[in-house]
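The sequence and structure are shown below.

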Amino acid sequence: VKNGQKIRLAGKGSPGVNGGPKGDLVVELQVGKHDVFGRRGNDLTISVPITVFEASEGADIKVPTLDGSAKTVRIPPGTPSGRTFRIKGAGVVTKKATGNLLVTVEVAVPTDLTAKQAEALAGLSDPTLRDHLFK
């Protein structure tokens, strides 16, 4: 169901005037937010953290689905933060169509590094990374 969708139940409302037939009961639905998934039409959305190593080297990660199962998403080497992958048919199922699961990966940047970890990351630094911005 969608937020704001109305369901009409014929003959389930209040009795009519002067002994007339019962009216219809109209129920308007309010859908709450899910802790993990979002929704865009029939597509479900999810944001999944990945490590810097997974983004750089590539990885196969498990992603939860709404039915409780897990699907595998292949993250190719060099994947940037914010890239979205589509799992076809893992979205909302309706009579007319089935949506997809849109998986957006977010690179989790480490914050509490040891000296050894900081040194290793420094070795990956590229001082020319933003040179193209100043041409």
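## Residue T104

In which strand is T104 found? T104 is found in strand β8; strands are DSSP runs of E with at least two residues, numbered from the N terminus. The model is predicted: local features need pLDDT of at least 70, side-chain atom pairs count only at pLDDT 80 or more, and totals for chains, interfaces and linings use all residues. Residues are numbered from 1 along each chain as its sequence is written, and side-chain values use heavy atoms, with hydrogens and water left out.

T104 has a relative accessible area of 19% and is therefore buried (under 20% relative accessible area, 1.4 Å probe, protein chains only). Leaving aside neighbours within four places in sequence, the contacts of T104 (heavy atoms within 4.5 Å) are I46, S47, V48, G82, R83 and T84.

## The sheet

An open sheet of mixed pairing is formed by four strands in the order β3-β4-β8-β7, where two strands pair if DSSP finds at least two bridges between them. At its edges lie β3 (38-40) and β7 (84-87), each of which pairs on one side only.

Strands β4 (residues 43-50) and β8 (residues 101-107) pair in the parallel sense over seven bridges. Opposite E106 in β8 stands P49.

Terms used. Buried means under 20% relative accessible area, exposed over 50%, partly exposed in between (1.4 Å probe, protein chains only).
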